[in-house]
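User: I'm new to this one and would like a close look at a single part. Could you walk me through a helix and the pocket beside it, in plain words?

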Amino acid sequence: MEQNILYPSDRPSLSRWIPLSIQHVFAMFGATILVPLLTGLSTSTALFTAGSGTLLYICITKAKVPAFLGSSFAFIPALIGIGQQFGTEYAMGGAVFAGLFYCVIAAIIRISGKEWIDRALPPVVIGSVIIVIGMSLAGSAINSALYIDGTYSLVAFSISFFTLILAIIATIFFKGFFNTLSILIGLVSGYLFTLILGLIFDSYHLIDFASVKNAPLFGIPFLHNENGSYVWTAPKFNVVAIITFIIISISTICEHLGDTITTSTVVGRDFTKDPGLHRTLTGDGIATAWAAIWGGPPNTTYGENIGVMAITKVYSVWVIGGAAVIAILLSFCPKFGALIQTIPTPVLGGVCILLYGLISASGLRTIVEKKVDFTKRRNLTIASVILTIGIGGGLFQLKLGNFTFSLAGVALATVAGILLNLIIPERKNQETTDTNS
């Protein structure tokens, strides 16, 4: 085994295991708690269902795929819309059926095989979609890095720049174990930088420990929120909620496919073949249904954690499992969860610039390693459409009564790439013309 690389089945020593897992917790934490904050769900429950859902995913995929599952942003409109119209319990019921729909599609894939997937997703599509996944997150990273309350801030710039530089230094120059903790080093450095300057300059006072002081030390996540009040209600079901969530799950299945391909590229193993796309999709679906049963938002595989693996070259499922266990423990201790929430947004933005860029770089690596020929008009056309739709914010909307179905960004770009690849015929010597002629 190459030095410092940990493959999916490799288990690190306990002294390495814990900090490596904590690093993944930092990567997923902000996005995982943001979804419940936007939809009125419990952040503690979201942490619990993300951690336990990840463990379910690991079991279903036979501990072969290093993927952390956290709150899905794609279901936010449905969670809010169905919740306001019928009640949160019906939104949870719809999410349960969305997870079951994943399993139905997984069964179809298992029966029919994945040869059709290989045909629909050649390297030109895969590489372009991976680039889009990283670049579609770039705006979020830049906004976090440069803006405070919607206003450009040199304070935010200095914090994110310092954090980014420390993360880059740790990635490039640190050796051995510390090299694998480059993201955590960047986060801690940026946090301490902000904390120290906040004691000197009021403009850097971005860390407030009031929420940590007020948060209870212990609470059952699916029964109590951060203030100790009762929050859990059992899912209920109606046709409108079920259909709504199933329609949205069509786009999230496309996102799952893109994330699985990205993870395969980063790790260097084809997870669509072993353990198989039917298993990864089933794991994602079961995790989503499980989350909804306890009142948590639907789950999805996280690009942030894929970025951590790309930087550290630590692909151990044991490390991901450790992060899942830590997330579960944090869900029972709101005070620790509140402490992590004090991480300033510019600090997260600084490390995300590196994380998201590395995802896109993995797509470029796929295109280069697979020797995609861009002198062919066919490849050039497919890649161009995928990149423009995905990065440009392409959107398809269809009104269904009071609900609007949307297919956007990565999902729409993936669908467009698949369709173009199937429609445009393969021709020999189909080279591009000189644009200057």
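Analyst: One term to begin with: a residue counts as buried when its relative accessible area is under 20%. Keep in mind that this is a predicted model. Now take C352, which has 14% relative accessibility and therefore counts as buried. This cysteine is also where α16 bends: the helix has a kink of about 30° centred on C352. Even so, α16, with its 25 residues, spans 36 Å from first C-alpha to last, close to the 36 Å expected at 1.5 Å a residue. Just past the helix, K371 takes a positive phi of about 55°.

C333 is another cysteine to look at: its relative accessibility is 10%, so C333 is buried too. As for disulfides, a pair of cysteine sulfur atoms has to lie within 2.5 Å to count as one, and by that rule the model has zero.

Next, the pocket. The second largest pocket holds about 440 Å³ of space, and 19 residues line it. Nearest its centre you'll find I126, I261, T265, D270 and K370. α16 (345–369) is one of the elements giving two or more residues to this lining, along with α5 (115–120), α6 (123–136), α11 (239–267) and α12 (272–293). The largest share belongs to α11, which supplies four residues.

Technical notes:
Residues are numbered from 1 along each chain as its sequence is written. This is a predicted model: local features need pLDDT of at least 70, side-chain atom pairs count only at pLDDT 80 or more; totals for chains, interfaces and linings use all residues. Side-chain values use heavy atoms; hydrogens and water are left out. Buried means under 20% relative accessible area, exposed over 50%, partly exposed in between (1.4 Å probe, protein chains only). On a 1 Å grid over the protein atoms alone, a cavity is a set of points where a 1.4 Å probe fits but cannot get out, and a pocket is an open set with protein on both sides within 12 Å along at least five of seven lines; lining residues have an atom within 4 Å of a point. Grid points are joined across faces, edges and corners, and a volume is the space filled by probe spheres set on the points. The expected span of a helix is 1.5 Å times one less than its number of residues. The bend at a residue is the angle between axes fitted to the seven residues ending there and the seven starting there.
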